[in-house]
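Subject: Structure for your review

Dear colleague,

Please find below the structure that I am handing over to you.

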Amino acid sequence: MSTVVTVVASIGPLAHLAGAGLLGVVSRVDFATFWACAVIVVVGAVGVVVSRNPVHAALMLVMTLFAVAVLFIEQHANFLAAVQVIVYAGAIVVLFLFVIMFLGVDRDEDVNQEPLRGQRILAPVLVVLGLAGVLVLGIGAHWAVGAPSVVGPARGQPGGDVAALGRAVFTVYLFPFEITAGLLVIAVVGAVVLARRPPTAGQDELSVGVPGDQVAGSDGGTAAGTAGEETPAGTDAHATDATGQPGPAGDVGVSPELAGSSEPQPVPQPEPHEVAP
Amino acid sequence: MSVPASWYLALSAVVFSIGALGVLVRRNVLVMFMCVELMLNAANLALVTFARQLNDIGGEALVFFVLVVAAAEVVVGLGIVVAIFRRRRGTTADDLHLMKG
């Protein structure tokens, strides 16, 4: 399909010179591509929502992303189509699959339990109402969508859309581009902090350390997996911080619940000599 | 004559609605993230459509930034999921009621 689209994109400028016959063929291929990709996109999106298995959902997401990339090519956004395939389907979905496999959550989800009553009925009704509202407003009204070519023209530039996009990113949007670099660095640091192993009991970060803490950190499913312990753990951590003792993960600003280094235990007595130097 | 832009916008609205439905209905945090990605892709499709319709490269540049922000969001979000999962077995969103009043 992508070869067909590539052919269409390559002969697109020639269509102005050609007669009505070639124009009709190009138009027909355009519409066929759009409908095929639209069906794939919608089927994949529905598959993401209704799949019981997270791995199946991720594969459906890949299908949707590829079809959206084809639609990008159809609209002469070649660079974005390549980035869509490389970044989304090649990096983000692989990251999803890695986390799914790493955590071992590739089992089915129970759908019988419904914590919020009426959620599964109310949510589709609200979504359908919102979609109908958007479509009716879009069909029945005329919208002012702005002046064309504010930043720069997308077509007819030397170098195609890649050069035009590069020119826009490195001239008009240079400062947001630099901010983007900072955002990526912050995201990397945040991921490292979040995914860090909890410090071992030998270090003095764990002032309230218990002997079984390291065991609980490495095998959290058996020791800390029982339900109904969050509220004592939360109040315990809060009380520990309020007494002035150094928290278990207070140096990185992550709550002990997220860092996984706090063990639910009775509230420690706020004696001053207990504080480790 | 190519495909009209309104068809692309309608498809974008449909995909966005499906993604929003998934965020509202599903309980697995990972699948909810995937549905957020669906919504971001729908917005990207609408931006590319407007960029083509108005012959303006600004829409495509915005799609570029959306891609970067989506990558950062996924990295941090999956880090949080891993950190939560290390603490307790399960990625169900309804179990995380620690901050509930």
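**Confidence**

Please bear in mind that this is a predicted model. For the complex, the predictor reports an ipTM of 0.90 and a pTM of 0.71. Chain B has a mean pLDDT of 87, with 86% of its residues at 70 or more.

Chain B contains three helices and zero strands, in the order α-α-α from the N terminus. It has 101 residues, of which 62% are buried. When contacts in chain B between residues at least 6 apart in sequence are considered, 62% of them join residues at least 24 apart.

Chain A is likewise without strands and has eleven helices. It comprises 277 residues, and 32% of these count as buried. For chain A, 60% of the contacts between residues at least 6 apart in sequence link residues at least 24 apart.

**The interface**

Chain B contributes 72 residues to the contact and chain A contributes 95 residues. About 7700 Å² is buried between the two chains, and carbon and sulfur atoms account for 72% of that area. On the side of chain B, the residues that lose the most area to chain A are M34(B), R86(B) and R87(B), which together make up 11% of what that side buries.

What polar pairing is found across this interface? Seven residue pairs are in polar contact between chain B and chain A, with both residues at pLDDT 80 or more. The helices α1, α2 and α3 of chain B each provide at least two residues of the side that touches chain A. The largest share of that side comes from α3(B), with 25 residues. The count of salt bridges between chain B and chain A is zero.

**The nonpolar core**

The largest nonpolar core has 62 residues, and the members that touch the most others are L71(A), F72(A), F96(A), L11(B) and M34(B). Both chains take part: at least two core residues come from each of α2 (20–50), α3 (54–74), α4 (78–103) and α6 (160–172) of chain A, and from each of α1 (5–25), α2 (29–54) and α3 (58–87) of chain B. The helix that gives the most to this core is α3(A), with twelve residues.

**A glycine in chain B**

G22(B) lies in helix α1 of chain B. Is G22(B) buried or exposed? G22(B) counts as buried because its relative accessibility is 0%, and the cut-off for burial is under 20%. Apart from residues up to four places away in sequence, G22(B) touches V49(A) and C35(B). Between G22(B) and V63(B), which are 41 residues apart in sequence, the C-alpha to C-alpha distance is 23 Å.

Yours sincerely

Methods:
Residues numbered from 1 in each chain as written. Chains lettered and ligands numbered in written order. Predicted model: local features only at pLDDT ≥ 70, side-chain atom pairs only at ≥ 80, totals over all residues. Heavy atoms only, no water. pLDDT = per-residue confidence, 0-100. Core = buried A, V, L, I, M, F, W, Y, C linked by side-chain atoms within 4.5 Å. Buried < 20%, exposed > 50% of the residue type's maximum accessible area, 1.4 Å probe, protein only. Helix = DSSP H or I, 4+ residues; strand = E, 2+ residues; numbered from the N terminus. Contact = heavy atoms within 4.5 Å. Buried area = accessible area lost by both parts, 1.4 Å probe. Salt bridge = Lys/Arg side-chain N within 4 Å of Asp/Glu carboxyl O. Polar contact = N/O pair within 3.5 Å; in protein donor to acceptor, adjacent residues only side chain to side chain.
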